[in-house]
Amino acid sequence: MADVTWDEIRNLRADFLNLQLTETANKLSERNCVELIGLLVKEGLLNVIYTTDGKDIITEQRLIREILDEIYANGGRINIVDLAQHLRIDLSYIENKIGDVCKEDSTLQFTLGQFISADYTNRLIEEITDILVERGLIAFSELIRQFDLPTEYLNSIVTNRIIGSSQHNIKYESGTLYTENYVRLQQNILIGYLQGALLPLRVNELIKNTCINENLVQNLIVNLIRENRINGNLIGTTKENSIFYPKLYTDAQAKYIESFFSQNGYIEYSLVRNLGVTDPEGQTKSVLKDRNQILFSTSGCIDLLKFLPQLEMNIESGLVSNEYVDVTTLMPNSFNENDIEKLFKSESSIKELVKSLGGEFMSNTFIIGKELQEKIDKKLNEICQEYAEKESAQCTPQMYASVLQGNITLSSPSVAKGATAKKTTASGGKRKGASKTVEDTNPNQEAISFISKDEIKSQIQTINEELPGEIVDLLVDNLYSAKSRQYLDLFIQRVKESFTLKETET
């Protein structure tokens, strides 16, 4: 075959053509045709593709033509898997010819395993537009299900060919396509519904009561408020938690806050919250932003120019008439100890007033008058004197020796006289005769008894029966250790004086 010339090949071709045109009784058998084609393929003179059943062959150029015919026969769209089944060609051959097919017809595009023609795309756009004109809206996910198209391809069609270029001015928001007429209808419904609202309105309730599209409602309300077509404010980020507050309602809230604050000199956030305000602190600060001398705390705010003089007057009156003041009763109900502490820190005039009246702060909430302090101190001093006289009169030489050695301490009322007790240390430091705290026991230690906290509490209550239990407990805690040290010092002094006198007489 290497010596064959082109003239011989052309002559052979002419003879073969004449043979085909000539009617003859002699025909090549199927076997001969197969052998002949196989020989041509083997020699590289012919390039063919066999069908999957092996009965038919097709050239590569013919395959491209068959693919194009199948695409248009199927309406301009076909999957290459279906194409391989229709042509009975192995899928790999069709995949190899994708580029050649798209070159043959430049209007074709291949996306995610499908050939799609320009005619199909145009019909698709017309069909989607008709659906939108009829219904007003359609979800993008519904288009994917209905047309069974790849998301990327459909998104490019919607973005580039439908949105903005349609005479119906179609918009695409929140995964849904809308016509301008549909959006305008939704806006008109919202305007009529919200302009007539007098109370806060939840967006999900609005959706239930109207035919508003739930995917559009949030953005529509925000846009209408921004354009001043409805008067109000939308609080929340989703339709489930969003609430629309009409301007009439918020104006009434602001007016109430302003009025209450002006009349009383304070307002509590709990009261503002009961008005339906979700952010009472923020709303209160917004309403009172033009005011001066306001103290904002965790529970509310106070007009210092108006409330402070009244508070100082009540403190002074309480110290004079009742000998004590419970500051919590003079503050708004919800104001706690931290709020009171913040007030005292910011306004030193209260502490100066209490100091000038001789009062004393027991805590951030209680103030004790000078007269009551003197009555209690006098009563407890008398008790200390009485006990010191009584105990020193019963003093033994052994106890006197313990006094001289500093081995004397106080016992609780339940510990018998002379029993071993723990040593206690006074806060003022070590000195002879003073008590000190040790964990070990000293067999030479002498203990003397003193009244209990309950007895001191009873004595204070006899002085002023109206004192609240909290104040009494604070007074007992503060006075017990001081009076115990005072009693111990008096006892030591009386014992020394007594034995010194006896020695002198002797």
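Which strands does helix α13 lie across?

## A helix over a sheet

This is a predicted model. In it, helix α13 covers residues 247-264 and lies across β12, β13 and β14. Its direction is about 130° to β12.

The three strands form an open sheet. Their order is β12-β14-β13, and the pairing is antiparallel. From one strand to the next, the twist averages 10°.

## Edges and pairing

Strands of a sheet pair through backbone hydrogen bonds, either parallel or antiparallel. Here β12 (266-268) and β13 (294-296) stand at the edges. Each has a single partner strand, so one side of each is left without a neighbour in the sheet.

Strand β14 spans residues 300-303 and pairs with β12 over three bridges, in the antiparallel sense. Glu268 has Gly300 in β14 as its bridge partner.

## Aromatic rings

How many aromatic pairs are there? The count comes to seven. Ring pairs link Tyr256, Phe260, Tyr266 and Phe307 into a cluster.

Phe296 has a charge over its ring. The charged end of Lys285 sits there, 5.5 Å from the ring centre.

## Confidence

The protein chain averages a pLDDT of 77. Of the residues, 83% score at least 70. Over residues 414-441 the pLDDT is below 50. Beyond near neighbours in sequence, that stretch has 47 contacts in the model. Where pLDDT is low, the predicted coordinates should not be read in detail.

Methods. Residues are numbered from 1 along each chain as its sequence is written. This is a predicted model: local features need pLDDT of at least 70, side-chain atom pairs count only at pLDDT 80 or more; totals for chains, interfaces and linings use all residues. Side-chain values use heavy atoms; hydrogens and water are left out. Rings of Phe, Tyr and Trp (its six-membered ring) pair if their centres lie within 6.5 Å; planes under 30 degrees apart count as stacked, over 60 as edge-to-face and the rest as tilted. A charge sits over a ring if NZ of Lys or CZ of Arg is within 6 Å of the ring centre and within 35 degrees of the ring normal. pLDDT is the predictor's confidence in each residue, from 0 to 100. Contact means heavy atoms within 4.5 Å. Two strands pair if DSSP finds at least two bridges between them. Helices (H or I, at least four residues) and strands (E, at least two) are DSSP runs, numbered from the N terminus. Axes are lines fitted to C-alpha atoms, for helices over the stretch in contact, and angles run from 0 to 180 degrees between N-to-C directions.
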